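Hi everyone, thanks for coming.

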Amino acid sequence: MQNLMEGKVVVVTGAGRGIGKAIALRLAGEGASVACCGRTLANVESTVKEIAGKARAYAVDVADGSQVGATCEKVLQDFGRVDVLVNNAGVTRDGLLMRMSDSDWDTVLDTNLKGAFLFTKALTRSMLKQRSGRIINISSISGLTGNAGQSNYAASKAGLIGFTKSVARELASRGITANAVAPGFIVTDMTHVLSAEMQEQLKQRIALGRLGAAEDIANAVLFLASDMASYVTGQVLTVDGGLTM
Ligand SMILES: NC(=O)c1ccc[n+]([C@@H]2O[C@H](COP(=O)([O-])OP(=O)(O)OC[C@H]3O[C@@H](n4cnc5c(N)ncnc54)[C@H](OP(=O)(O)O)[C@@H]3O)[C@@H](O)[C@H]2O)c1
């Protein structure tokens, strides 16, 4: 079988660690050229090294409009086009509502939701011109079900779903699709903070009996980025081992 992403240029935010890194490696493995974007240059550079091919590293704070604009211009200069944008960068600042600071609210909304808006806006013009493109936003089951202690995070992830569906409607006539992936509990730095006891309790609620791997999410993203998903838009693909079914 031919490589699924041969000749495609992909931008992945938060590509230096965890799920974003797995996405960058998986799509590169299928022949894509990958612009690896992230806050910490050393992290995205290490992903690029592992790809050892058509990939470049860009240091960018996704919440900063001028940095995002400059990075997207540079990516378009370097690669000539962008076929797929994966808005993956995200943070948590968990806390109960009554104790949540304004800055913890702002940091999470600015990174997870505004970051996706800024990258999507900056890259849409070139997708419109080429009359094709794929936008894939990494949401979360917290955005579907809510989660005590994560009102900021759940709001950002639910917001991403509304954003995805609106963008899907706006851009469909130009051959651009927009979809979201909603991961459950995936083993990364983000979930390492959970105690062993909490992880055991969680596993009992997950139908498949295990936490997910970053590669489980990367495979879902590969499907949505590939030609196999050309008739799929405005959807949320939940990848959670059956936790929320
Ligand atoms: N792990 C899970 O169980 C889970 C579940 C549902 C959804 N998700 C979502 O999946 C995505 C990836 O999560 P993960 O588990 O891989 O998290 P992670 O291991 O903590 O990695 C987060 C990535 O986002 C980047 N990032 C954070 N803030 C940024 C900013 N302002 N500008 C640019 N890059 C920034 C980080 O860059 P640095 O390396 O420079 O810090 C890092 O590469 C997130 O959107 C998360 O909400 C994760």
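Two quick notes. This is a predicted model, where local features need pLDDT of at least 70, side-chain atom pairs count only at pLDDT 80 or more, and totals for chains, interfaces and linings use all residues. Residues are numbered from 1 along each chain as its sequence is written.

Back to Pro 183, which sits in strand S6, residues 176-183. Strands (E, at least two residues) and helices (H or I, at least four) are DSSP runs numbered from the N terminus. Setting aside residues up to four places away in sequence, Pro 183 touches several partners, including Ile 19, Ile 138 and Gly 212. Contact means C-beta atoms, placed from the backbone, within 7 Å. Pro 183 and Gly 212 are 29 residues apart in sequence, yet 8.3 Å apart from C-alpha to C-alpha.

Now the ligand. Its surroundings hold 30 residues, and the closest are Gly 14, Gly 18, Thr 40, Gly 90 and Thr 188; near means a C-beta atom, placed from the backbone, within 6 Å. Helix H1 (18-29), helix H4 (102-130) and helix H7 (189-192) each give at least two residues to that shell.

Finally, Val 34: among its contacts beyond four places in sequence are Val 10, Leu 27 and Ile 51.

Conventions. Two residues are in contact if their C-beta atoms, placed from the backbone, lie within 7 Å.
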